[in-house]
Amino acid sequence: MAETSTTTVGQSYGRLEGHAKVTGRADYIYNLRLPSMLHAKIHRSPIGHGRINSIDVSAAAAMPGVHMVVTGEDVKTVLPEPYYGPAFHDQPILALDKVRHFGEPVAAVLAADPHIAERAARLIVVDYEELPAVYDEIEALDSEAIVHEELKPAGTFADLKHLSGRRDTNVALDFHLRLGDADKAFAEAVHVFEHTFRTQQTMHTPFEPIVAIADVTHDRAIIHSSTQSPSFVRYELSRLLGWPESNVRVRTGHLGGGFGAKVYVKVEALALALSMLAHRPVRVAQTMEEQFYTITKHPSTFRIRSAVDDDGRIVGRKCEVWWNGGAYADIGPRVTQKSGFTAAGPYDIENIDIDSFALYTNRPPAGALRGFGIPQLVWAYESHTDIIARELGIDPIVFRKRNILRDGRPQAVGTIVKDGEFEPVLDETARRLGWDRPYDKGEGAKRRGRGVAIGFKASISPTTSSAIVSVNADGSVIVYCSTVDMGQGSDTAMAQIAAEVLDIPLDRIRVVNPDTDVTPYDMSTLGSRSTFHMGHAVRLAAADAKEKLVAMAEEVGMPEGSNAPLPELFIKKFGMRAGTIVGTANFKPDYAPTDPETGLSPNATPFWMIGATGAEVEVDTETGQFTILRMINVCDVGKPINPAVVETQLSGAAVMQLGFTTTERMILENGQLTNPSLADYKVPGIFDMPVIMENGMIEAEQHNGPFGAKGAGESGTFGVSPAIANAIEDAVGVRIAEMPITAEAIFRALRAKDGAPLEED
Amino acid sequence: MSRHTINFTLNGRPVTADVGTHQNLTEVLQESFGLFGARESCGQGLCGCCTVLIDGAAVTSCLALAAFADGSDVQTVEGLADGEELSPEQEAFIEIGAFQCGYCTPGFVLMTRQLLDENPDPDDDEIKHYLSGNLCRCGAYPEIVQAVRLAGEKRRAR
């Protein structure tokens with residue numbers, strides 16, 4: 001793009017919906033009620049893996065006020081093949097024959113009073129035959145416990161077809177990348193390093209819990225949902241129904257957070273089935289607790305090995321990543337592939353092997369959570385990279401810069417990097433940290449240290465966004481797009497883009513909430529793809545409308561380049577304030593598929609996201625307690641459409657990752673989740689903030705982005721966890737290899753280092 | 001499930017509601033009065049999304065049984081603005097951009113109101129202490145602290 005100067009784009013406007021949010025009037029679906037609506041409450045599995053012998057619903061059905069009790073077999077009477085999922089059709093709407101994880105939905109009770117439905121759901125009695133279960137991704141590789149008897153890949157993905165019918169395995173998908181000759185590089189290497197890192201299971205905890213209301217009548221299904229993926233939900237429900245997509249309407253409002261919890265189908269299919277059975281609108285509204293059973297972030301194990309020469313050049317890297325996807329695949333297979341190919345880190349390494357595996361286990365399902373697997377990878381490769389630098393006696397920044405990817409060089413997947421500000425991001429992090437200045441590391445029990453880490457992500461590709469921009473006869477404008485504003489400020493950004501192209505003030509633009517009857521297709525609001533993809537679609541649709549306005553002006557005899565107000569133009573054309581000018585666009589970036597043998601592609605992504613963190617910590621060696629004195633988040637954000645909103649994204653992403661790094665962990669005991677509540681699962685509060693937090697934006701033109709912009713919603717997460725681990729090693733000389741980083745873990749490591757290890761629990 | 005009739009003042013107006021003994025105030029505000037500014041999230045009084053002021057004191061309404069609201073003065077976020085004129089706290093949250101998804105915002109705005117009623121010019125530490133019972137999953141804490149400071153300035157200037 002050759003846009004040189006802009007008036008609306010690049011300005012820090014407040015969010016369009018700000019007034020609604022501070023007055024409590026924002027339109028969350030959780031707050032929606034429909035006439036004659038029933039509430040559904042769910043009876044869930046108390047075990048991790050078992051066969052269902054029988055379900056006794058008689059006591060629940062007999063409770064006064066209960067409208068209906070529904071089991072998986074009942075669902076089959078209205079939806080004969082009730083399995084859904086974006087990559088695999090493996091997830092039943094309600095359990096059939098088996099349960100595969102603690103908290104899996106087994107039956108639902110419908111009542112006008114939600115309290116009655118809730119009490120009745122507890123009266124359902126299910127007889128299970130418990131089966132051997134597996135919860136660990138490594139054990140799942142050769143466990144006698146098999147989660148799914150047969151793999152059922154969705155037919156829509158050509159590259160998953162070979163998995164169809166595969167039996168007796170928990171490996172849902174394996175992805176392999178081979179670049180150069182890693183075996184040779186390792187055989188010839190002067191130094192070889194090997195480490196294994198692990199991450200824990202965590203959850204998004206969007207504060208507006210997952211919710212859907214379905215209203216089905218004859219040949220029409222209307223779904224009000226807190227979804228990030230209205231177009232996909234329409235597609236998937238129409239597939240389940242065997243109906244044309246035009247018979248299914250999926251609409252949403254503003255979302256009270258999403259972070260990936262609300263992508264693809266969550267409770268919409270259940271609401272649909274229940275409404276079909278009850279012939280009434282049905283609301284399925286999860287509690288905070290129920291969200292923990294629905295979607296989580298992958299636990300992972302990553303074994304990483306590096307071959308390094310005497311000059312501190314990484315000449316080979318071998319990465320093996322095992323993703324614990326839980327009982328249902330959700331989008332895990334795509335995490336395995338699309339994040340998998342960045343597993344060797346943002347370094348220019350000529351010989352790389354990557355093996356990335358999606359595993360089924362009996363944990364609650366895992367999917368995408370702000371980074372699509374990237375934070376798990378960065379945790380490992382940036383901890384590993386830091387250890388290498390220290391062991392070779394090379395400054396960690398110098399070591400990284402010696403190996404960093406630069407524009408014009410191929411990333412591991414074979415795609416040449418363009419507009420990837422790796423080195424500037426690293427430099428700015430070091431500069432803000434004062435890396436070159438002498439540093440007081442403390443004495444006595446209080447020791448201080450500093451660490452950095454840098455990570456990156458490719459945009460999920462190829463994906464499509466469509467938009468409509470209509471110009472009303474008074475010159476005001478409506479933008480129709482299916483990008484969901486869940487707090488990231490996309491409505492404001494899309495309005496700014498339309499305002500810029502049409503050269504009208506922002507307050508004359510309305511962005512319509514996604515509604516598949518009205519707003520055109522969008523792949524989904526995920527992976528920081530909207531600013532780039534939908535930004536282009538809105539830009540092109542606005543340009544299309546503008547072209548039509550110019551043609552109309554010419555037709556009515558206005559002089560070329562006339563800046564007559566739009567209302568005058570419409571009156572000239574239609575004789576009164578009437579008519580609508582509609583611009584449309586579809587946008588899909590270029591893409592080249594990965595080679596099935598080597599995993600390589602000359603064009604795997606339209607842009608790269610880059611984020612680094614610098615951390616400064618103080619550790620109390622007597623207790624392991626630590627304080628984050630400073631956290632500096634620096635990201636390559638392209639040319640931001642709205643700099644203030646982008647900065648809050650960067651900062652919020654880092655705060656969220658700080659929780660995953662230090663406090664958040666889902667605890668399973670015998671397959672049962674023991675802490676599915678905010679009382680025992682600690683998300684960051686105001687006192688968990690670092691003493692000082694700074695955000696830095698590298699504003700660099702993305703050559704193929706709308707007005708030079710790129711996605712930035714996840715980049716702030718990338719470096720946080722390993723930067724803190726690296727700072728802790730710098731402070732007290734111990735390495736934490738498993739998240740979360742807790743005072744106990746540090747204290748245990750300190751004791752082990754002193755030759756006086758504590759006993760295990 | 002027995003029921004009670006309660007009378008209380010809601011955002012300055014006297015109201016009556018027929019409530020079940022098991023119903024919490026969040027539910028009654030939503031189902032009887034159509035007010036959704038106080039909203040359930042964690043359901044355990046930990047996140048603060050359901051914050052309301054009862055007799056001027058901030059309360060997590062998901063833990064407050066509605067029956068006990070009888071005779072009290074309840075203020076929700078919907079009662080803060082005077083017609084189209086936003087309160088200084090609301091203005092400050094907009095001007096700073098102290099929210100992302102906005103789901104927790106009414107709770108933070110009401111806590112800010114109560115804080116500034118008690119302490120017109122709090123320092124950052126006092127602000128953090130006061131707001132530590134409210135959670136923001138989007139992590140807008142740095143902006144929230146700024147917004148409280150700005151709200152204080154606005155109130156002192158009025």
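Two residues are in contact if their C-beta atoms, placed from the backbone, lie within 7 Å.

Okay, some ground rules. This is a predicted model, where local features need pLDDT of at least 70, side-chain atom pairs count only at pLDDT 80 or more, and totals for chains, interfaces and linings use all residues. Residues are numbered from 1 along each chain as its sequence is written, while chains are lettered from A and ligands numbered from 1 in the order in which they are written.

Chain B has a mean pLDDT of 97, with 99% of its residues at 70 or more.

Let's start with chain B. Along its principal axes, the C-alpha trace of chain B spans about 45 × 30 × 25 Å.

Of those 158 residues, 58% count as buried. Buried means 20 or more other C-beta atoms within 10 Å of a residue's own, exposed means 12 or fewer, and partly exposed is in between, again with C-beta atoms placed from the backbone. And if you take contacts in chain B between residues at least 6 apart in sequence, 60% of them join residues at least 24 apart.

Next, domains. The bounds come from an automatic or database domain assignment. Chain B splits into domain 1 (3–77) and domain 2 (88–157), and their C-alpha centres are 22 Å apart. Where do they meet? In chain B, 12 residues of domain 1 are in contact with 11 residues of domain 2. On the domain 1 side, the largest share, three residues, comes from strand 3 (residues 51–54) of chain B. That side of domain 1 has seven nonpolar residues, four polar and one charged. For the classes, Ala, Val, Leu, Ile, Met, Phe, Trp, Tyr, Cys and Pro count as nonpolar, Asp, Glu, Lys and Arg as charged, and the others, Gly among them, as polar.

Now bring in the partner. In the interface, 40 residues of chain B are in contact with 43 residues of chain A. Which elements of chain B give two or more residues to that side? They are helix 2 (88–96), helix 3 (105–118), helix 4 (124–131) and helix 5 (141–157). By class, that side of chain B has 22 nonpolar, 13 polar and five charged residues.

Over to chain A, which is assigned domain 1 (18–26 + 463–587), domain 2 (32–133 + 208–256 + 261–292) and domain 3 (296–460 + 595–753). The C-alpha centres of domains 1 and 3 of chain A lie 37 Å apart. Their contact takes 16 residues from domain 1 of chain A and 19 residues from domain 3 of chain A. On the domain 1 side, helix 13 (490–502) and helix 14 (530–555) of chain A each supply at least two residues, and helix 14 has the largest share, five residues. That side of domain 1 divides into four nonpolar, 10 polar and two charged residues.

Most residues other than glycine have a negative phi, and most peptide bonds are trans. But a cis bond joins A:S461 and A:P462, with omega about 0°, and A:P462 sits in the loop between strand 21 (446–458) and strand 22 (465–472) of chain A. Another cis bond joins A:M739 and A:P740, also with omega about 0°.

What about phi? A:D168 is not a glycine, yet has a positive phi of about 60°; A:R370, not a glycine either, has one of about 35°. Buried or exposed, then, for A:D168? A:D168 is exposed, with 8 other C-beta atoms within 10 Å. A:R370 is buried, with 24.

How values were computed: Helix = DSSP H or I, 4+ residues; strand = E, 2+ residues; numbered from the N terminus. pLDDT = per-residue confidence, 0-100.
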